[in-house]
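Dear colleague,

Please find the structure below, followed by an account of what was found in it.

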Amino acid sequence: EVLGWAENRQNYSVDYKVLEGPTDEQAVWDKLEEYLSQEFLRQDGSPMHIKYSCIDSGYLTQMVYTFCEKFGSTRCCPVKGSDTMLTFVSQPKNVNITRNGVKVGTTMLRNLGSSIVKEQIYSMLKLKVDLETGEIPRGYCFFPATRDAYYYKGLCSEVNRTILNKKVWVKITDRNEPLDLRCYAYVAGYLEGITRKDNDWFQTQIAQMVPLREEFTQAPKKPRAKSTWL
């Protein structure tokens with residue numbers, strides 16, 4: 001999932017993509033590399049790129065490490081969730097990349113507190129727009145009208161229940177990839193400073209953006225199509 005951020009931590013689900021293929025073979029990783037390198041066009045036509053990404057390293061760990069090292073620690077980070085960790089995200093840990101049992105490089109791993117991140121995601125999903133004033137709350141999540149039921153079932157696929165006097169997250173649907181991906185996308189924003197510094201971060205990024213070309217700064221001559229955003 002590609003998550004776009006605006007002021008006040010308001011966020012947009014820009015895209016949700018399933019890359020099909022066995023993840024223990026190189027072909028699907030080539031698809032991912034191509035996807036992470038593409039441009040996304042804003043409504044005014046200016047391009048935006050994926051600035052930072054997180055990939056679950058709990059399975060096929062060395063393939064994930066190798067892929068992330070290729071992009072570099074400033075663009076792609078392997079992460080591993082922990083239900084018992086009491087912090088949002090750990091400090092980076094240097095881990096070895098091996099091939100046939102031989103060290104060939106290193107990359108930086110981050111552990112994340114899965115329970116804490118999920119609580120944050122669910123609290124944001126519960127936010128509502130004030131229908132009288134039209135005010136959009138801080139942290140509000142926007143989704144395109146084209147997103148299907150599979151996505152939403154997966155996004156809300158777990159509940160926090162008390163079992164044997166202990167709070168645990170329990171799956172209530174078979175597939176929970178959309179929730180996992182939303183957590184990783186949120187953590188990517190956190191590591192970039194978006195959800196920590198908020199408006200200060202946003203204003204700094206705006207100041208650094210390349211000015212739009214003249215044709216994008218003029219009023220459109222034709223009315224735009226109705227937005228598909230809810």
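Helices (H or I, at least four residues) and strands (E, at least two) are DSSP runs, numbered from the N terminus. The model is a predicted one, in which local features need pLDDT of at least 70 and side-chain atom pairs count only at pLDDT 80 or more, whereas totals for chains, interfaces and linings use all residues. Residues are numbered from 1 along each chain as its sequence is written, and side-chain values use heavy atoms, with hydrogens and water left out.

The pLDDT (the predictor's confidence in each residue, from 0 to 100) has a chain mean of 86, and 85% of the residues reach 70 or more. Over residues 212-223 the pLDDT is below 50. Where pLDDT is low, the predicted coordinates should not be read in detail.

Ser115 belongs to helix H3, residues 114-125. Ser115 has a relative accessible area of 17% and is therefore buried (under 20% with a 1.4 Å probe, protein chains only). Beyond four places in sequence, its contacts (heavy atoms within 4.5 Å) are Ser82, Asp83 and Trp169.

Partners of Cys54 include Cys77, Tyr184 and Val187.

With kind regards

Key. Buried < 20%, exposed > 50% of the residue type's maximum accessible area, 1.4 Å probe, protein only.
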